[in-house]
Amino acid sequence: MAKKKSSGCNRTVSEQYHKLMEQCKVHMETMDRELPAAREDLHELLESRGVSRRDFLKWTSVMTAALMLPPMFKPMVAKAAENFSRVPVIWLHFAECTGCSEAFLRTYYPNVDDILLDTISLEYHETLMAAAGNQAEACLEKAIADFPGKYVCVIEGAIPTGLNGQYLRLGPKGKTSIEIAKEVTSKAMATICIGSCSAFGNIQAAKPNPTDAKSIEDAIGVSTINIAGCPPNPVNFVGTILHLLMFGAAPALDGQGRPLWAYGKRIHDFCERRPHYDAGEYVDEWGDEGAQKGWCLYKVGCKGPYTYANCSKVRFNAGVSWPIMAGHGCIGCTEPAFWDTMAPLEQPIADKPIGLGGVEAEVDGIGAALLGATVIGVGVHAGMTALKSHGQPKKTDEETPSHNEH
Amino acid sequence: MGQRIIVDPITRIEGHLRIECEVENNVIKDAWSSITLWRGIETILKGRDPRDAGLIVQRFCGVCTFVHYEASILACEDAFKVKPPKNARIVRNLIHGAQYLYDHVMHFYHLHGLDWVDIVSALSADPKKAVEMARAYCANPYNCSETHYIAVQQRLKKFVDQGRLGPFANAYWGNPSYKLPPEANLIIVSHYLDALQVSKVGAQMMAIFGGKNPHPQTLVVGGISSVMDVLDASRLGEYLFRLKELKNFVETAYIPDVVLAAAYYKDEGLSGVGAGVKNYLAYGGFPLDDDWNTLLFPRGAVKAADLAHPIKIDEAKITEEAIHSWYKDDEPQHPYKGTTEPKYTDYNANGNLKGDEKYSWCKAPRYDGTPYEVGPLARMVVGYAQGHQEIKDLVDGTLKATGLPATVLFSTLGRTAARAIETKYVGDKIEGWVNELITNIKSGDTRTWTRCDVPKEGEGRGMTEPPRGALGHWIRIENHRIANYQAIVPSTWNCSPRDKAGLRGPYEESLVGTRLSKVDQPLEIIRTIHSFDPCMACAVHIIDPQTNAIKVFKVA
């Protein structure tokens, strides 16, 4: 009986995957026809960087699993990787610090992600482009005209909406970031917010938000895929582009627009210091015995229990380190409004008010608040609706319970 | 009246900068620089825990990552009256040193290089001759072989043939202001590609003790948090291993490439193109002892390029004013007392900046009422004028290698060369610091933090010398909270608009008199502006709010 039931279930799953595969094939054929030719041959480049065919296949297995797809999708991931450099990217800078671009330039994995990022087809990126002024603006206009509906718009930075948007004016005509964002996103295949500024407003939107800075979605009402973090891990960007190439849709997102494959798990649950938390071994102050022994950082303010991201697994800068490894608590930078909800950054939230149920009780409450309670169920199967459904009205600041007023 | 040209966006910088110039017969007669973004982070700091300030102000800038973090922590330590232990002081220098190495490399190749180097011309280079040329400037040049140069040419050719140049599209290739022969262009372009990888290694050096890059997360008021990494010999080894790779690149690519470029651009340097205000200011940085008595970069100023009479800094003479900035209070103010309330007055109806009125989100910092340039050139000039032996030897050595007189320093070329020189200066010191750290730990000192508490009241300042120049943060604490926060950052000094006396800021002054080969191609403008390594996001956070509220201003 039980056996029968499970095989029936398997059949349904398998049917779904085959359907998904059909969608994927149709989409990739369209992309193959429509995208401009590859600027560089991926396999030549991999070879020149000493990545063998075998390494590449291993990488596709890992990436397929990371994107929460079954192994049958491995050839499609490989194909998407080959097409990576064909996607025209328009990268905009608004109210930000360029840290996300820097992170993007500094990724260094001894694997394919890094090489893919090196091949990205940047049609417009102010930090890197040789042209300036009028010639730069012409590059932007040309990219929009040449690739309507086919380019990915990447936005780094929030939009200051105060003063009619005039806290930020750009280009020879002095347009506001609101105008430019509307122009560029309206013809994009998808809009990816890189970093917490474009995703959630971040630092300039921290209280009292003097320039009324907002996320792209809140400022101009378009749906975005949010690669959160301050800065985010560039690896999370690669998988998202691959997914777009395969399905023409965002990967499954959480209620904050973050891809679940990268932001679905809590830092605390995969933290290397977790055993010490479970054993009740804490760092009480910087540089003490616990700090020397790598104990849990909760008491010096670690916000890992409230933060959803894959930092503990992928780390930063070729896996050299990550903040918790460097003995400093997580500050929750992938969560909306973290400068306000997570402050003071070097003290535990549970200290104010003293949580009756200890950290885990706090975690549940805060975790729910931060996730906005509703994880919109956008599966990979949802196709373009994934992008659309995510754009539904969100709770405003006032409605979101705040755990930590100053 | 001449023709008004607008360059916006100035690309290959951090942030949002607009330059307007008045041009007559191809010569720039007047110039205005304007920062077109305001974020208001100091307003956001008010009322928060002072210990959070470092992580918050680090978000001024992701290119100058770490440096605002450090300056803020120093300001807090001054206010808390606490001194970090020796290990912490050294580790901060190690992180800062890594920042110098990769940041200057990235600036020269990725942000500034294309102002000197014509990528398209590199395609017509003879790879064999390029190898000979590279060897004339360095015994063992970085990644130098005929096969490699051919591969680089093929890669570039593919882009060009497809008509999809990506970031290299629509630039100024073929402009007569490009002076390098094709072989030199090929050498530097090939290093442009290498530097993409090398700067990643530098970022890893920072991450070893900092947790990540950009935006490390290890400084705390009173010390550092990465005690496990500091006490782990293998981590020190990982750091040193990468240091060697960076130093090798600096010595066999960066320095020879700058000397090579200087050989072809020397006339510009000699005629002083891009010199600017010729006043130089350095706060000094990299403490070599725990009391900051000896600094790697000395503190001081030089006025009107007068190397014979260096000036001692009096901090009380540092002011900021806003007569030409989009803020309310026009009068010069010391940073402890500064106010910054937005007063936006828009552009002219024809879309130009209102050059006679307010025209930038950047304030005008002045020392003793005078505009000063800060940055690598200022550090080298101040050190040279003070007779600092090592700096003098390095500068004189480079001048000798190029056969140029010291006056060549006062130019766009000099600014770019000074940056390369000091990269070597810092790079050569770092290994000694690692040894000092090891010796100290071996002697039994494993302290990385000095216990401290937020004072009820207090005032402090952190002054240091990041890659882009003199940086100061000022904090005032009341009731254990931030009552006031001000930062005067390097790009605020350099990008400054005019002041009450009508004196132009360093960018503006450096453009006046420059000849443009083609008025519709701003190559000479961006070359000089880039030589300062602009960083706008940093520059526009000058706010203090004794008046708390930022009002919504109706735009007329």
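This talk walks through a predicted model with chains A and B, from chain A to the contact between the chains.

Let's start with chain A. Chain A holds 18 helices and 9 strands. It has 406 residues, and 56% of them are buried. Now look at contacts between residues at least 6 apart in the sequence of chain A. Of these, 74% join residues at least 24 apart.

Next, the domains. Which domains does the assignment give for chain A? There is domain 1, residues 2-248, and there is domain 2, residues 267-370. Their centres, taken over C-alpha atoms, are separated by 29 Å. The two domains of chain A do touch: domain 1 puts 13 residues into the contact, and domain 2 puts in 13 residues. On the domain 1 side, the classes are 8 nonpolar, 3 polar and 2 charged residues.

Now some strands of chain A. Find β1(A), residues 88-93. β1(A) pairs with β2(A) in the parallel sense, over 4 bridges. One pair to locate there is P88(A), whose bridge partner in β2(A) is S121(A).

Follow the side chains along β3(A). V152(A), V154(A) and E156(A) point one way. C153(A) and I155(A) point the other way. All of these are buried.

β3(A) has a further partner, β7(A), residues 190-194. The two run parallel and are joined by 4 bridges. V154(A) comes up again here, standing opposite I192(A).

On to the core. The largest nonpolar core counts 297 residues. Which residues have the most contacts inside it? They are I90(A), V152(A), L242(A), V105(B) and V381(B). Helix α4 of chain B, residues 86-116, gives this core its largest share, 16 residues. From chain A, domain 1 and domain 2 each supply at least three core residues.

Take I90(A) as an example. Set aside its neighbours within four places in sequence. I90(A) is then in contact with E123(A), Y124(A), L140(A), A143(A), Y151(A), C153(A) and V184(A).

β1(B) is joined to β2(B), residues 17-24, by 5 bridges.

Last, the contact between the chains. How many residues take part? From chain B, 81 residues are in contact with 76 residues of chain A. Several elements of chain B supply at least two residues each, including β1, α4 and α7. α8(B) gives the most to this side, with 9 residues. By class, the chain B side has 39 nonpolar, 26 polar and 16 charged residues.

Notes: Residues numbered from 1 in each chain as written. Chains lettered and ligands numbered in written order. Predicted model: local features only at pLDDT ≥ 70, side-chain atom pairs only at ≥ 80, totals over all residues. Pairing = 2+ DSSP bridges. Buried ≥ 20, exposed ≤ 12 C-beta atoms within 10 Å, placed from the backbone. Contact = placed C-beta atoms within 7 Å. Core = buried A, V, L, I, M, F, W, Y, C linked by C-beta atoms within 7 Å. Domains from an automatic or database assignment. Nonpolar A, V, L, I, M, F, W, Y, C, P; charged D, E, K, R; others polar.
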